[in-house]
Amino acid sequence: CLESYGIPVPRYALVNREKPYQELDYFVEEEDFVEVHGQRFWKPFVEKPIHGDDHRIMIYYPSSAGGGMKELFRKVGNRSSEFHPEVRRVRRESSYIYEEFMPTGGTDVKVYTVGPKYAHAEARKSPVVDGVVMRNPDGKEIRYPVLLTPNEKQMAREVCIAFRQGVCGFDLLRCEGRSY
């Protein structure tokens with residue numbers, strides 16, 4: 001949907017399993033990459049469930065960095081991720097999207113729209129950093145207002161229109177001078 005509106009997204013591929021642990025001829029896993037329909041994703045890469053209600057996102061790391069996997073999840077207390085050094089292989093129980101890892105410098109940008117003409121953005125520490133949620137003395141997650149670039153404002157407008165939602169929230173990744 002995002003691509004059809006010209007909104008930049010990281011390079012990705014879909015692995016669609018009709019049943020858990022189904023072997024697929026177009027999916028190959030090696031120690032430091034997965035290959036989907038001939039498209040190779042070198043570690044680190046991101047693995048996302050295709051179901052939007054499943055927020056267990058995994059990042060797999062290369063053997064040269066010690067390997068392992070970081071699991072990102074909805075905040076539980078003061079945690080938003082956990083590192084699993086022993087996990088080397090990707091999940092196979094369902095369908096997943098694999099995408100290239102976007103280094104963001106440890107910050108996530110949350111964008112909220114109210115109609116296509118208004119967007120507000122806040123930055124927070126990414127769960128990829130250490131999984132610890134930074135909170136103020138009142139227990140609220142610490143976030144900082146962010147100014148969106150003209151291009152990012154247009155992206156926010158297009159996301160609002162693409163999903164036909166007057167009130168919409170989404171993550172924006174800023175990586176190497178580009179936004180996704």
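I took helices (H or I, at least four residues) and strands (E, at least two) as DSSP runs, numbered from the N terminus. This is a predicted model: local features need pLDDT of at least 70, side-chain atom pairs count only at pLDDT 80 or more, and totals for chains, interfaces and linings use all residues. Residues are numbered from 1 along each chain as its sequence is written, and side-chain values use heavy atoms, with hydrogens and water left out.

Strands. I counted two strands as paired if DSSP finds at least two bridges between them. E1 (residues 12-15) runs antiparallel to E9 (residues 96-100), joined by four bridges. E5 (residues 45-49) also pairs with E9 in the antiparallel sense, over five bridges. I checked Tyr98 in E9: Ala13 stands opposite Tyr98, and Tyr98 is the bridge partner of Glu47.

Cores. I used sets of buried (under 20% relative accessible area) Ala, Val, Leu, Ile, Met, Phe, Trp, Tyr and Cys residues joined through side-chain atoms within 4.5 Å. The largest nonpolar core has 14 residues, and Phe27, Val34, Phe45, Val90 and Tyr98 have the most contacts inside it. E1, E3 (33-36), E6 (57-60) and E9 each supply at least two of its residues. Apart from it lies another core of 13 residues, including Ala121 and Phe170.

Phe27. I listed its contacts (heavy atoms within 4.5 Å). Beyond neighbours within four places in sequence, Phe27 touches residues including Val15, Arg17, Val90 and Tyr98.

Surface. I looked up Val114, which lies in E10 (residues 107-114).

Definitions and conventions:
Buried < 20%, exposed > 50% of the residue type's maximum accessible area, 1.4 Å probe, protein only.
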